Amino acid sequence: MPEGPELHMASRYVNTMCKDLVFAGRVEKSEVSRNPEVPFESSAYRITATSRGKEVLLTLSPLPEAHPPQAPLDLVFRFGMSGSFQLVPADSLPKHAHLRFYTLSPPPSRVLCFVDIRRFGHWEVHGTWQPGRGPCVLLEYEKFRENVLQNLADKTFDKPICEALLDQKFFNGIGNYLRAEILHRLKIPPFEKARTVLEGLKHRKLNPELTLSKKVKAKLENPDLLELCHSVPMEVIQLGGKGYGSDREDEFSAFRAWLRCYSVSGMSCLRDRHGRTIWFQGDPGPLAPKGKKSHKKHVKEESIPDVTDLEDPTSMPKKGPTRAKKPGKKSQKGSLDPGAKGNVESTKGTRSQHRLKSSAPSSPENDSGVLEGKQQLATRARAGRARKGKANSKARPSPPSSLPSLPKGAGALGLPSP
């Protein structure tokens, strides 16, 4: 799902693509979206964006000459599992464009869309940054670091470090793939107690005799966990594109090559207490779920599973593998072999024939094949009906006990009942 780097790049995309565009009209919401209507309509306005952790704030600012006169409107977006912004031609709207802003000039007419295939994303009208979220790991690093180290007594840090890293109260912007990459680089077991990992950072001080350049070099060569919470997301941004989940193969290939741990073949994985998969290498740590063994997965390079964090706890059902079709199966199902037309009238082909043969009596008179057996059964059935018709209506005799039962599958082949 989109994490801090993806939302930052989304805001940068909006600012770049909409820099010289003027929008007009009302904001349209799709009929299927359960998000609120956006009560905004203007003859001319501009759109700007900024990000903070896992949120993007879109500002609609009417131009001075616009009608009706009104104040700017803020919309706060949280992308859920699959949200993104796209600028497209007005006659080529994406299928899952749930909020749409139409341009006025310059031509041709275009639309800025909030696209969300899975519809876990949402927006708030007159929104502000969510109060329960901590400082952004990307844009507010010093505040982020201070917020963590001053609150290590919080019960969040009683949890395994892999679970604490998803708590947006302290790690705003960190998600599932980022936590795996950060812990892997430091070789920290994912189920080590968070407080144990972090409390040593409160007293970490570099040698005061080092020059500034040497201090910077020392930090770059030996970063701690909180520094990696800032620098690893920055690496994703420097890759360009849209990061995780990009629909362009060249962009996604670069991201996939950058990954060292998350969904990488040969790495181990476990589910944490919230059901989210954590990827790691080596010992999982003392707080690993009891009764569950870590196991390695051999995944294809293009296989990047969907995951959630504390913001979106609903897991999506996974589709099972598609079975390959056997060669020639379609032709067997769709048509009958001309030579078998008089034998079996079924679209199940040789499988139905096999069931009929295997269930037929094994006497020598049936060895001539299915057709002969069918004719014998039909003859005996007609004889039985003839005997019934001659019987007195007050005392109808039962069908001959010697009449054999129909073989399994005969009804499906259109055989008459005795």
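Visitor: Is the crossing of H1 and H7 left-handed or right-handed?
Guide: In this predicted model, the crossing of H1 and H7 is right-handed, a term for the near helix being turned clockwise from the far one by less than a right angle; helices here are DSSP runs of H or I with at least four residues, numbered from the N terminus.

Visitor: At what angle do they pack?
Guide: H1, residues 4–17, and H7, residues 225–239, pack at about 40° with axes 9 Å apart, the axes being lines fitted to C-alpha atoms over the stretch in contact and the angles running from 0 to 180 degrees between N-to-C directions. That makes H1 oblique to H7, where oblique covers whatever is left once under 35 degrees is called roughly parallel, over 145 roughly antiparallel and 65 to 115 roughly perpendicular.

Visitor: Which residues meet there?
Guide: From H1 come Pro5, Glu6, His8, Met9 and Arg12, which meet Pro233, Val236 and Ile237 of H7, contact meaning heavy atoms within 4.5 Å.

Visitor: New topic: where does Lys202 lie?
Guide: Lys202 lies in the loop between helix H5 (194–198) and helix H6 (212–221), and, leaving aside neighbours within four places in sequence, Lys202 is in contact with Leu149 and Leu152.

Visitor: And how far is Lys202 from Glu146?
Guide: They are 56 residues apart in sequence and 9.4 Å apart in space, C-alpha to C-alpha.

Visitor: What should I know about the conventions?
Guide: Residues are numbered from 1 along each chain as its sequence is written. Local features need pLDDT of at least 70 and side-chain atom pairs count only at pLDDT 80 or more, while totals for chains, interfaces and linings use all residues, and side-chain values use heavy atoms, with hydrogens and water left out.

Note on methods. Helices (H or I, at least four residues) and strands (E, at least two) are DSSP runs, numbered from the N terminus.
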